[in-house]
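I opened my notebook to record what I looked up in this structure. My entries cover a residue, the cores and the ligands.

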Amino acid sequence: MSKTETKPKKAPVKGKAEEERQVPIFVMGKRYDVPASLTIQKALEYAGYQLIRGCGCRGGICGACGTVYRFPNSYRIEVGLACQTVVQPDMYITQIPFFPGNKAVYDIETLPAEGGTIAALYPEVFKCVGCGTCTRSCPMDIDVLGYISKAIQGDLKAVAEGSFDCVMCGLCAARCPSEEVQYNIAILARRLYGRYIAPKAEHVTQAVKAVESGVYDKALKDLMKKNMDELKKLYKDLEIEPDMAEESWTPQNRSHLGE
Ligand code: SF4
Ligand code: SF4
Ligand code: FES
């Protein structure tokens, strides 16, 4: 996050937006008055910050916008995703766009798909004291302590399934008294489970074979010859899957699928 203006933006010219209630928030100690309906992320931008780090999908998926905040007269540190959490009066806010947690380096192709692999790469998993702070810190409502317990037991499937919704925001690790990096343990389990244990999806196997057979090569080469305007037009004209489409929906024009 970087600051591009020294002063908070003034309220917009008279209109609906001006009538909206403004609330004070504090960003790294400095007060800004922002519309009460904004998420923390939008409020930061409203206040003049340019989000270079700590901002990705803006939709609660990428986990880039982990944020800690606190209210006056409360000892409690609260956490949330900046793109999903609406501002409240007197929030003291700091983003933690990156948490420097331990990350094992490995080649998934050479790792044994067994629970002991977690213990070998992340022996600190056994330091967990079961306090549950990780679970209370998780903006995705994941039972983090639950999957860490399963990691200790070496149950790859349970860790993979229990951590499936993890967005890697790092908030659990930031607050763990045992210095676990829960999300890296979890992604190791999901990689091992996905690579070696989960049943293979037949349609994905077929799709990979189709790619390897070169069925899309011509369409890809044609695309690469197009200039920016042609690409934009193609994108605009693309047949989009309707919101409530049947599972069997396919586009009318299937030429780009090599058909
Ligand atoms: S915060 Fe850390 S020590 Fe506490 S339960 Fe979670 S993993 Fe264990
Ligand atoms: S498990 Fe940890 S890293 Fe994953 S979403 Fe929850 S708090 Fe974020
Ligand atoms: S910006 Fe991706 S989760 Fe918030």
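I began with Met91 and listed its contacts (heavy atoms within 4.5 Å). Leaving out residues up to four places away in sequence, I found that Met91 touches Pro24, Ile25, Phe26, Ile40, Tyr69, Arg70, Phe71, Thr85 and Val86.

I noted the basis next. This is a predicted model, where local features need pLDDT of at least 70 and side-chain atom pairs count only at pLDDT 80 or more, while totals for chains, interfaces and linings use all residues. Residues are numbered from 1 along each chain as its sequence is written, chains are lettered from A and ligands numbered from 1 in written order, and side-chain values use heavy atoms, without hydrogens and water.

Then I looked up nonpolar cores: sets of buried Ala, Val, Leu, Ile, Met, Phe, Trp, Tyr and Cys joined through side-chain atoms within 4.5 Å. Buried means under 20% relative accessible area (1.4 Å probe, protein chains only). The largest core has 29 residues. Met91 is among those with the most contacts inside it, as are Ile25 and Ile40. Apart from this core lies another, of 24 residues, including Cys166 and Cys172.

Which residues surround ligand 2? I counted residues with a heavy atom within 4 Å. They are Cys138, Pro139, Met140, Val144, Tyr147, Cys166, Val167, Met168, Cys169, Gly170, Cys172 and Tyr183. Eleven are nonpolar, one is polar and none is charged, with Pro and Cys counted as nonpolar and Gly as polar.

Ligand 1 has 13 residues around it, and the closest include Cys128, Cys131 and Cys176. Its shell has seven nonpolar, five polar and one charged.

Terms used:
Buried means under 20% relative accessible area, exposed over 50%, partly exposed in between (1.4 Å probe, protein chains only).
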